[in-house]
Amino acid sequence: MSSGVHAALVPGGVIGNGRYRLLAKSGADARSSAELWRGRDGQLNRDVALTILLGDLADNEAAARARRTVERAMHAASFTHPGVSRVIDVLTPGTGIRPDEGILGMVVAEWTQGTDLMDLIAEGPLPAGVATRLLEPLGAAIEGAHHAGLVLGADHPQRIRVTSDGRLRLAFPGPRPDAIARDDVKGLGAILYLLLTGRWALPGGPDNVPLAPTGPDGSVIAPNALHPYLPHELSSVAVRSLEDTSVGGIRTSAAILQVLDQIAAEEAETSLIPAVSASSSSRDDDEVVWTTQRPVQDKQQKKKLWISVAVLAAATLAVIIWLSVQIVGFFSDEPSKGGGPTVVVNQPGTNGQTAAPPKAAGPVQPGRIGVYDVTNQPDNANQASRAVDNNATSFWRTDNYFQQFPALKPGIGLMASFAEPVRLASITITSPSEKTHVQIRLASSLDAPLEETKIIGEGDLSNGQTQIQLGDHEPTAHVLIWITQLSSPGAGKNQSEIREIVYTRAQ
């Protein structure tokens, strides 16, 4: 790269045969050796977004990569969508770029008024409802482009801007030469992760943005593990979009959009999304203030009011639940279990006949119990022990899902481990979650793959105690209660609760 390039790529510098004056640098994508600039088209007298591909013309490989990026941007010029800045022109050395400028290619797009995405999150993560509404237009653009056989390259946060009416937009088109549609989906998940946590979850991000934390296996920690108030679906989508596994991973933008639509609908029903706008200190040079709903006179006062209402509602609900539990416990024949009538579910045998269950010898207490989740995003893992603490007023509860299993995961369960292998006659589950379907499975270890476990009983839970008789089986040290269908108490709410589990040993 010549020294003249360093002199030109500064505010006020002129490139592209003297046509484009650089106004302000918006970022850089090191993966493509690209700099992202706001510029001024001197011929048409308008601002433009410039994706400038730098390199040495003598480097054949770099030149070929830049040429491929420019070609892909040119092919995408026919695609129009509010979530993507329109490509106006593409330049290469000899066709709009002087060979001595040290520029291998340039994509010129219309300028997106608004603010940089990085400025938006500079003061911290966004509420889930706001993040959802911001992301939907970009997700729709990616979905439309993929249907047209195009790849956008929406996998770097500095290529994204926020429009003045509150939408995310790919402002600097120009996909990497080796980018595929899967990279757009990963980018969408990473941008969602960034909005929810302020952290970037893909390689090659900006130097000044913290990386997403990872677990021992290298997988990205779910956003709701960092911020428990986030909806499970949104957190799950962000992480699963980044996974390359064939099982559990999200591979299309349509799947992401479906969850975004559901979250948006839920937020619209509750109408509890606070207004969000750019503060005067974080406005860019467009001096734009955007909001996701009508402005209010005193946003801080409104926020405090919502918090007070929420706290009061939570406290009232807690009191009602406590009183209900006490009343049920007072009239129950077995107050220590806190449940209603016991429903016995027999384990079906062969030929449609009911198998004779093993005779019961008495309860056996597991040495430990934990949440079993094939997606590595266990629901309320710190509450699992409450299901075997002999206290029916405490409980383990799944997250709330807008869709039934297996939309986001095949199921969720509690894996119990015993000090020594046992044969069980039955399992009694105390729960208020009617129509929750559970399977009782034998497992060879705590982390045994689900497909290697064996079903020895199943049934639907009632409101109270449900006893599931188990078929004859070999002694085991690990027993999984696997939930394949959640209770659905209301529209958009699928959640199950287990208050107590009693494992009964066979004679």
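pLDDT is the predictor's confidence in each residue, from 0 to 100. Keep that in mind, as what you have open is a predicted model.

Stop 1: Colour the protein by pLDDT. The average is 82, and 79% of the residues score at least 70. Now select residues 1-7: here pLDDT stays under 50, and the model gives this stretch eight contacts beyond four places in sequence. Next, pick residues 327-340, where the pLDDT is also below 50; that stretch has 20 contacts beyond near neighbours in sequence.

**Stop 2: the whole thing.** Zoom out and switch to cartoon. You're looking at nine helices and 22 strands. Of the 507 residues, 51% are buried. Take the contacts between residues at least 6 apart in sequence: 70% of them join residues at least 24 apart.

**Stop 3: helix H5.** Select residues 181-197, which make up helix H5.

Stop 4: A search of the whole structure turns up one cavity of 30 Å³ or more. The largest cavity holds about 70 Å³ of space. To find the spot, select its lining: Ala76, Phe79, Val84, Ser85, Arg86, Val87, Val151, Leu152, Pro173 and Pro175. What kinds of residue are these, by class? Eight are nonpolar, one is polar and one is charged.

Stop 5: Most residues other than glycine have a negative phi, and most peptide bonds are trans. With that in mind, go to the loop between strand E13 (368-372) and E14, and select Asn380. Its phi is positive, near 45 degrees, and Asn380 is not a glycine. Is Asn390 buried or exposed? Asn390 lies in the loop between E13 and E14 and is exposed, with a relative accessible area of 52%, whereas Asn380 counts as partly exposed at 24%. Asn390 also has a positive phi, of about 60 degrees.

Finish at Pro406, in the loop between strand E14 (396-397) and strand E15 (412-422). Show Phe405 as well: a cis peptide bond joins Phe405 and Pro406, with omega about 10 degrees.

Key:
Residues numbered from 1 in each chain as written. Predicted model: local features only at pLDDT ≥ 70, side-chain atom pairs only at ≥ 80, totals over all residues. Heavy atoms only, no water. Helix = DSSP H or I, 4+ residues; strand = E, 2+ residues; numbered from the N terminus. Expected span 1.5 Å × (residues − 1). 1 Å grid on protein atoms, 1.4 Å probe; cavity = no way out; pocket = protein on both sides within 12 Å on 5 of 7 lines; lining within 4 Å. Points joined across faces, edges and corners; volume = space filled by probe spheres on them. Nonpolar A, V, L, I, M, F, W, Y, C, P; charged D, E, K, R; others polar. Contact = heavy atoms within 4.5 Å. Buried < 20%, exposed > 50% of the residue type's maximum accessible area, 1.4 Å probe, protein only.
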